[in-house]
Amino acid sequence: MKLRSRHLLGLQGVKADELNLIFDTAVTLKQILSRPIKKVPTLRHITVLNLFFEPSTRTKISFELAEKRLSADSVSFAKASSSVVKGETLLDTIWNIEAMKIDMIVMRHSVSGTALFVSQNCDSQVINAGDGCHEHPTQGLLDIYTMREKYGQIKDLRVLIVGDIKHSRVARSNIWGLKAMGASVAVCSASTLLPFEVEKMGIDVYTRIEEAMEGADVVNILRLQKERQSSGLLPSLREYSNRFCITKERLKYLNKNFTIMHPGPMNRGVEISSEVADGPDSVILPQVTNGVAVRMAVLYLLSGGAKIIE
Ligand code: CP
């Protein structure tokens with residue numbers, strides 16, 4: 001079996017069999033990360049451009065490491081030191097780099113739809129590393145992979161996503177991927193931070209955190225984007241924290257064997273307390289480890305999935 005698209009632009013429309021193929025491949029590739037020599041020659045014929053127009057710690061380094069672990073050649077683009085600052089357009093930038101012969105582009109951009117636009121105007125395969133408020137598919141994949149690793153399966157798992165759902169590409173990728181895998185998905189936030197007609201996404205919607213947490217297995221806590229306060233969507237960070245911060249006291253509402261997740265970066269004390277973030281039920285750092293394995297799987301499968309390794 002192969003992935004149906006030559007790009008990974010989002011998880012909306014990706015079927016469960018494709019998601020399971022990525023997860024099963026990631027299980028195999030994750031073993032490489034524990035070896036003394038964490039490298040296989042599988043993708044030595046591939047050149048990847050990491051094109052980040054927005055800041056990133058986890059996603060950028062995770063892709064760079066995934067590429068190195070599979071022996072792909074990779075180059076990373078930094079907007080501030082590029083000719084974009086002289087006014088060169090996005091497509092001119094990419095067409096010039098493509099002229100140097102690359103195969104794949106991993107790209108992050110602040111504008112929703114940019115990854116699709118690039119995929120329609122360039123020859124390279126495109127992996128969306130986050131586009132505006134639209135999707136962040138590899139984050140969704142690594143989140144679901146981490147849940148699957150702990151619970152064995154996703155079907156009927158009750159997953160609550162808390163935070164700025166309206167502006168979150170992570171929320172959208174989680175929702176589409178989890179629904180495809182048969183999870184029961186709920187979101188909770190202030191009503192100003194929920195998307196228009198959110199209920200049409202086929203999920204449960206809450207504005208009271210205690211009610212939302214009742215019976216959930218997983219809480220995936222999103223970063224409160226502090227700039228939202230100045231845009232009038234939040235009265236104050238303190239009020240947000242009082243109403244929605246996941247604290248140790250609030251964990252009693254969850255099912256036994258619950259899991260705490262956060263894609264990072266965290267605002268400790270705003271959306272999550274340090275006690276919860278660093279507590280025994282948190283898988284925040286395992287999520288980051290799994291991110292490398294899942295991105296290796298995506299690179300490997302998009303490249304055609306030749307023989308893995310040894
Ligand atoms: N989770 C995530 O996308 O983090 P970065 O912005 O650091 O890549």
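Q: Helices (H or I, at least four residues) and strands (E, at least two) are DSSP runs, numbered from the N terminus. Which residue just after H5 takes a positive phi?

A: Gly152 does, with a phi of about 85°. This is a predicted model, in which local features need pLDDT of at least 70 and side-chain atom pairs count only at pLDDT 80 or more, while totals for chains, interfaces and linings use all residues. Residues are numbered from 1 along each chain as its sequence is written, and side-chain values use heavy atoms, with hydrogens and water left out.

Q: What span should H5 have, and how far apart are its end C-alpha atoms?

A: Helix H5 covers residues 137-151, and at 1.5 Å a residue its 15 residues should span 21 Å. The expected span is 1.5 Å times one less than the number of residues. The end C-alpha atoms of H5 are 21 Å apart, in agreement with that value.

Q: Is H5 largely enclosed or open?

A: H5 is largely enclosed by the rest of the structure, because 12 of its 15 residues are buried. Buried means under 20% relative accessible area, exposed over 50%, and partly exposed in between (1.4 Å probe, protein chains only).

Q: Which residues of H5 are those?

A: The buried residues of H5 are Pro137, Thr138, Gln139, Gly140, Leu141, Leu142, Asp143, Ile144, Tyr145, Thr146, Met147 and Arg148.

Q: Turning to the ligand, what surrounds it?

A: The ligand is surrounded by Ser56, Thr57, Arg58, Thr59, Arg108, His136, Gln139, Pro263 and Gly264, each with a heavy atom within 4 Å of the ligand. Gln139 is also among the buried residues of H5.

Q: Which peptide bond from Gly264 is cis?

A: The bond from Gly264 to Pro265 is cis, with omega near -5°. Pro265 is in the loop between strand E9 (259-261) and helix H10 (274-277).

Q: Which residues other than glycine have a positive phi?

A: Ser71 is one of them, with phi near 65°, and Asn257 is another, with phi near 60°. Ser71 belongs to the loop between helix H2 (58-69) and strand E2 (73-78), whereas Asn257 is in the loop between helix H9 (237-244) and E9.

Q: Are Ser71 and Asn257 buried or exposed?

A: Ser71 is buried, with a relative accessible area of 16%, while Asn257 counts as exposed at 51%.

Q: Moving on, where is Ser124, and what does its side chain contact?

A: Ser124 lies in the loop between helix H4 (114-121) and strand E4 (125-131), and it is buried at 3% relative accessible area. Its side chain makes a polar contact of 2.5 Å with the side chain of Glu98. Such a contact is a pair of N or O atoms within 3.5 Å; within protein, one must be able to donate a hydrogen and the other to accept it, and residues adjacent in sequence count only if both atoms are side-chain atoms.

Q: And Leu157, which residue's C-alpha atom is 6.0 Å from its own?

A: That residue is Ser184, 27 residues apart from Leu157 along the chain. Leu157 is in the loop between H5 and strand E5 (158-162) and is buried at 7% relative accessible area.
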